[in-house]
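Here is a walk through a protein model, written for someone just starting out. Have a look at the picture, then read on.

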Amino acid sequence: VDPRRSSSFLALRFGFRAKIDFILGLGLAILVAVGLYSYRSIDALVQSGRDEGAALAGQAGLEQALGALRQAESAQRKYLLSGNPDDLAAYRQAAAEARAGRHALRDFPADDQPQVFAQLGQLLDTWLDRVDAAAELRRQGRAPAKGQSDTAELERRALQLADALRAGGRRALRNSRADTAYAAGVTAYFVLWGTAFACALLLWAMVVIHRYQARREEVERGLREVDRLKSEFITTVSHELRTPLTSVRGSLGLLAGGVAGPLSGRAGQLIGIAMDNCERLVRLVNDILDSEKILAGKMPMKLEILDLAELTARALRESEGYASTHGVKLVMQDEARSARVSADRDRLLQVLVNLLSNACKYSPRGGSVEVRLERVGPGVRVSVADRGPGVPPEFQPRLFQRFSQLDSVDSRRKGGSGLGLSICRGIVERLGGHLGYRPREGGGSVFFFELATVSQPAEVETMEKTA
Amino acid sequence: MRPPLQNVLLVEDDADIRTVAGMALEMVGGLAVRACDSGPAALAALDEAAHEQAPQLILLDVMMPGMSGPEFLRELRARPQFVDIPVVFMTAKVQPEELQALRQPGVLDIIAKPFDPMRLADEVQAIWSRQ
């Protein structure tokens, strides 16, 4: 991938986040606003519908009261003329209805004209009382006094008030209907356009996400291709390096072995230097290959059940020669007699030998490297302790990174690739374990790794199967 | 017990490695070495030498232009008179999966390059006596 693409990938990522946040935020705000507004409007509509219903009921009550009153009055007149008890019963029924209508008047929304309402109520009551009183006098066989039974004036005033009330009610109803119609219109407008706008935003967000996804897939494809090319390149280069190294190493080996005749002391020394460095190059090529495999997650592991104590002992034997060139003694402190783990024999041996050779490299001459095998919880820990200078705290976070060594001078002095520990950690982690470092009390380093132990033969079988 | 290994055929395209390996086997190990620079050349040499002394073992490079080691092996096995000659691969490819692909009947072992020339002959002898 060219750098322009990777930088545009970053720009795309940040741009994408900001865009999506903006679009979704705006859409959400619009939806919430529309929702709240619609709720309030619909609530108001419902309330005004309720008020309207009450107003209509009140008006109906008023009409009923007036109608019943007139009926009661005509029934009363009939009774006053005839004195017939049947007419009295008809009159009483009409009067009861008039009272009920008067009762229903209470629901009339007369907030704007309470006095009118109160006056009308009183008038109706007085009117009814007078009619009642006249009927009662007639029943007792007495004639009502002239002014007492005169209701014409009361009726005139009541009708006037009722007209005023009706007109007010109609006006209020008209106004409230106009209000609610307007509110409903605005609400519909808001809901329609708000939802449409929110939908458009969502659509936009979808387009942005899809475009981003497509670009990302493209970038990922490119990266995968780069990874594949890198792996291929490293494998090829390591092979191409090995071929000339084979003849160099072979020629030097034969020379050092005296095949081409005896060497003078100095020649032997020089050939030895060349051979050591040739070996170092080979190790470096191997390390780069291993490191690449681990990084690509492609290091194959041939798992088998093996005794870690035995493998550690073997690693010690194999490192003895190297230790003696550094004047270092390897000491095994065998606390766990045996510890069965599921691991790749060669790879785990590689880890052990690497930790041992590191410890030897950094140990002072005449010192000793202590190897300890101990049980910890459900697993086993192997630690390699030296009395070297230790790892400075500021370097510890980078200790297991690739190509990290204390400094370049150190790298030259100790002859490492800077890959060893990262490879060790990669291998141990592939085996489901953990590789770590801690400073040693009294100076020096302790490198250790932990692996789960396998105890039951049954377990062994399943492990092999999954391996 | 097999007769001790005395003569081998070395098939290797890289002239320098051919020289070094040849010297290591001859001068350190005391073996009779016939060296060829390609598969076809080796086949021709084998055909020629068929009625005389055939090699007891073939040391075979894997990556060779024209005819690779495995291709040479197929050609070899196609000829009845060479079916039984054991082969040891020598390869600079050391990845486990690459090695796995090389293992097949008649291939005794695989020697990784770079090898230690002073121990190459011993190693080949050990493989020979182990078979």
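## Chain B as a whole

Chain B has 131 residues, and 50% of them count as buried. Bear in mind as you read that this model is predicted. Take the contacts in chain B between residues at least 6 apart in sequence: 63% of these join residues at least 24 apart.

What is chain B built from? It has 5 helices and 5 strands. If you follow the sequence along, they come in the pattern β-α-β-α-β-α-β-α-β-α.

## The sheet in chain B

The strands of chain B make an open sheet of 5 strands with parallel pairing, in the order β2-β1-β3-β4-β5. At the edges sit β2 (32-36) and β5 (107-112) of chain B, each of which pairs on one side only. On average, neighbouring strands of this sheet are turned by 20° against each other, direction ignored.

Let's zoom in on one pair. Strand β3 (residues 57-61) of chain B runs parallel to strand β4 (residues 87-91) of chain B, and 4 bridges join them. One residue to look for is D61(B), whose bridge partner in β4(B) is M90(B).

Helix α1 (residues 15-28) of chain B touches β1 (7-11), β2, β3 and β4 of chain B, and its direction makes about 170° with that of β2(B). Helix α5 (residues 117-130) of chain B also packs on the sheet, touching β3, β4 and β5 of chain B. The direction of α5(B) makes about 160° with that of β5(B).

Strands of a sheet pair through backbone hydrogen bonds, either parallel or antiparallel. Which way do β5 (residues 379-385) and β7 of chain A run? They are antiparallel, and 7 bridges join them. S383(A) is bridged to F448(A) in β7(A).

Strand β6 (residues 434-439) of chain A is joined to β7(A) too, by 6 bridges, and this pair is also antiparallel. Here R438(A) has V446(A) as its bridge partner in β7(A). β6(A) and β7(A) form a hairpin with 5 residues between them, and G442(A) in the turn has a positive phi of about 85°. As for β7 (residues 445-452) of chain A, 6 of its 8 residues are buried, so the strand is largely enclosed by the rest of the structure.

## A helix with a cap

Helix α7 (residues 345-362) of chain A has 18 residues. From its first C-alpha to its last it reaches 26 Å, close to the 26 Å expected at 1.5 Å a residue. Because 13 of the 18 residues of α7(A) are buried, this helix is largely enclosed by the rest of the structure.

What caps the N-terminal end of α7(A)? That is D344(A): one of its side-chain oxygens lies 3.1 Å from the backbone nitrogen of D346(A).

## A few single residues

D307(A) sits in strand β1 (residues 303-307) of chain A. D307(A) counts as partly exposed because its relative accessibility is 21%, and the cut-off for buried is under 20%. D307(A) and S338(A) are 31 residues apart in sequence, yet 6.1 Å apart in space, C-alpha to C-alpha. Leaving aside residues up to four places away in sequence, D307(A) touches S338(A) and A339(A).

Finally, some cysteines. C278(A) is buried, with a relative accessible area of 3%, and C424(A) counts as buried at 2%. A disulfide is a covalent bond between the sulfur atoms of two cysteines. How many disulfides are there over all chains? The count comes to 0.

Key: Residues numbered from 1 in each chain as written. Chains lettered and ligands numbered in written order. Predicted model: local features only at pLDDT ≥ 70, side-chain atom pairs only at ≥ 80, totals over all residues. Heavy atoms only, no water. Helix = DSSP H or I, 4+ residues; strand = E, 2+ residues; numbered from the N terminus. Expected span 1.5 Å × (residues − 1). Buried < 20%, exposed > 50% of the residue type's maximum accessible area, 1.4 Å probe, protein only. Polar contact = N/O pair within 3.5 Å; in protein donor to acceptor, adjacent residues only side chain to side chain. Contact = heavy atoms within 4.5 Å. Pairing = 2+ DSSP bridges. Disulfide = S-S within 2.5 Å. Axes fitted to C-alpha atoms, helices over the stretch in contact; angles between N-to-C directions.
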